[in-house]
Structures are given as structure tokens and as C-alpha cells.
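Please read the following briefing alongside the sequence and the model.

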Amino acid sequence: MKRKYSTSCKVEAMSVVKMPEEIQPKSLADQAYEILLNKIVFNEYQPGDKVSMRHLGDELQIGRTPISVAMSELEHKTIVEKRLGSGTYIAPIRIDSVKAAHLMRAQVEKKVMELAFPVLDAEAIAELVSIINSMREGYEQNDPHRVMKYDNLFHEKFYEISGYYKLWQWEQDFNIHFNRFRWLSLTLLKGDRDELIQVHLDMLDTIARSDFAKTSELIDQHYAGFDADFEKIMKTHPDYFG
């Protein structure tokens, strides 16, 4: 029988990981970058869409200079691209970046969860259960933003527990194209939601029991559907990729 967890503990996004840099005031350029990145990851701005400084300034109510700084950063990270004599466009999702990030996450997270074993206490388990419950609520409310937010928090928490939160921060730039793919997979394919929730619960169960061999197997299971999902989305939206 699969184990079910419940807890009365409620964990909000900002209370899960409290890092000093997160509470520092953000510059207008940082704010513009974050807003634009989210719009691209969540496919509000789609691959191939043309973007203009004037339009972005009107939409975001932020001045031209900080938007220009943000766009330069997005271009550096291959998220937007300039076309000579034409303008700036949302770049396609890079296939090589998606596959590289998928491979890295599948392998690195095994080690991160293994390192979390010795220091995982009852309080941390309660937080992780609450995060999974929030993910489940996202599915029940048909809110993919909530699902993705708490799915990320579940994995992020293990980097914090293991003492490798800096590695999580470093991965975020590397994962941008992968996150763009994940959003498409979440919103277009809508796979077996109960199975996804149960895999997270089972991972937590095996970690709490220090059964790393089983945890490793479940991580492989969690990422196993990548190739099939990738092929499905490539067939329906080939213009999104490059």
C-alpha cells in the first residue's frame, strides 16, 4: 500500500527558504528581468514573438534603461535574440540546453537527496509534505503556476537541507530552457497528476527511511517520461524549438 502523508503545517513560498539575498531590494533592471523571464518561461511571450522597448515600457511601466539592461541579460542567456535589420525576438527553446539540463538534474538530485539523508528531521519532513499538498491543490484548482512553483520548491528544499543551496542558485540560469519545456509539458500534456504527486510522496518516504537505492529509482522514474513528452511537444509545436 502506498503511504499517504498529511500535516497541518502550512508553508508559504517565502518561508521555505530564507536567504539574505532574497530580501534585498531589487533594482528596476532586476525587476524587469524577472518579469520578462517569467513571461517567457510561462509562454506568455512565445518563441518567435517580436518585442519592442516601447511596448515593454508601456506594459511593465518601467523605464527604457532598466528594460534595456534586462534585455541585454536575456540575450546573453540566449532567451532573446537580435536579428539584423529586423529587431529583437523571443528565442526558440534550445533543444541542446533542455536535454543537458534534464540529464544534469536527474543525476545531481540523486546526490543532493543522498546528502540530505543524515540531516532530514521531522520539521523538514513536515515542510516537504506541506509543499506536496500545495502542489496537489494546484492540480485540483487547475492552476499550473502553483503546481510548477511548489514542484520547484520541493526540489529546492533538498538543496537547502543538504547544504548546497548555492548549487541550486547556479542551476537556475542553466535550467531556463528546461523550465520553458517543463511549462509546455505541464500545460499541454497534463499527464497523470495522481502519479506525479505519489512519486513525490514516495521519494519523501524512502528518504525518511534512508533507503537511498529506492530513492534513486524513484528519481529515475520521475524523469523517465522526458523523452516521450519531448517528442510529443516537438510534433505539435516544432516552431518553438531550435
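How many helices and strands are there in the chain? The chain has twelve helices and three strands, where helices (H or I, at least four residues) and strands (E, at least two) are DSSP runs numbered from the N terminus. This is a predicted model, in which local features need pLDDT of at least 70 and side-chain atom pairs count only at pLDDT 80 or more, whereas totals for chains, interfaces and linings use all residues. Residues are numbered from 1 along each chain as its sequence is written, and side-chain values use heavy atoms, with hydrogens and water left out.

**Whole chain**

- Of the 242 residues of the chain, 47% count as buried, a class that means under 20% relative accessible area, with exposed being over 50% and partly exposed in between (1.4 Å probe, protein chains only).
- When contacts (heavy atoms within 4.5 Å) between residues at least 6 apart in sequence are considered, 77% of them join residues at least 24 apart.

- In helix α12, which spans residues 226–236, the residues Phe226, Phe230 and Ile233 are buried.
- These residues lie on the same side of α12 because they cover an arc of only 70 degrees around the axis, the arc being that of the directions from the helix axis to the C-beta atoms.
- The cover over the buried residues of α12 includes α5 (95–116), α9 (176–189) and α11 (212–223).
- On the other side of α12, Asp227, Lys235 and Thr236 are exposed.

**Packing of α5 against α7**

- Helix α5 packs with α7 (residues 144–162) at an angle of about 50 degrees, and their axes are 8 Å apart; axes are lines fitted to C-alpha atoms, for helices over the stretch in contact, and angles run from 0 to 180 degrees between N-to-C directions.
- The two helices, α5 and α7, are therefore oblique to each other, since angles under 35 degrees count as roughly parallel, over 145 as roughly antiparallel, 65 to 115 as roughly perpendicular and the rest as oblique.
- Residues of α5 that make the contact include Arg105, Val108 and Met113, and those of α7 include Phe154, His155 and Tyr159.

**Positive phi in loops**

- Asparagine 43, in the loop between α2 (28–41) and β1 (50–51), has a positive phi near 60 degrees although it is not a glycine, and at 17% relative accessibility asparagine 43 counts as buried.
- Threonine 78, in the loop between α4 (64–76) and β2 (80–83), is a residue other than glycine with a positive phi of about 60 degrees, and at 27% relative accessibility threonine 78 counts as partly exposed.
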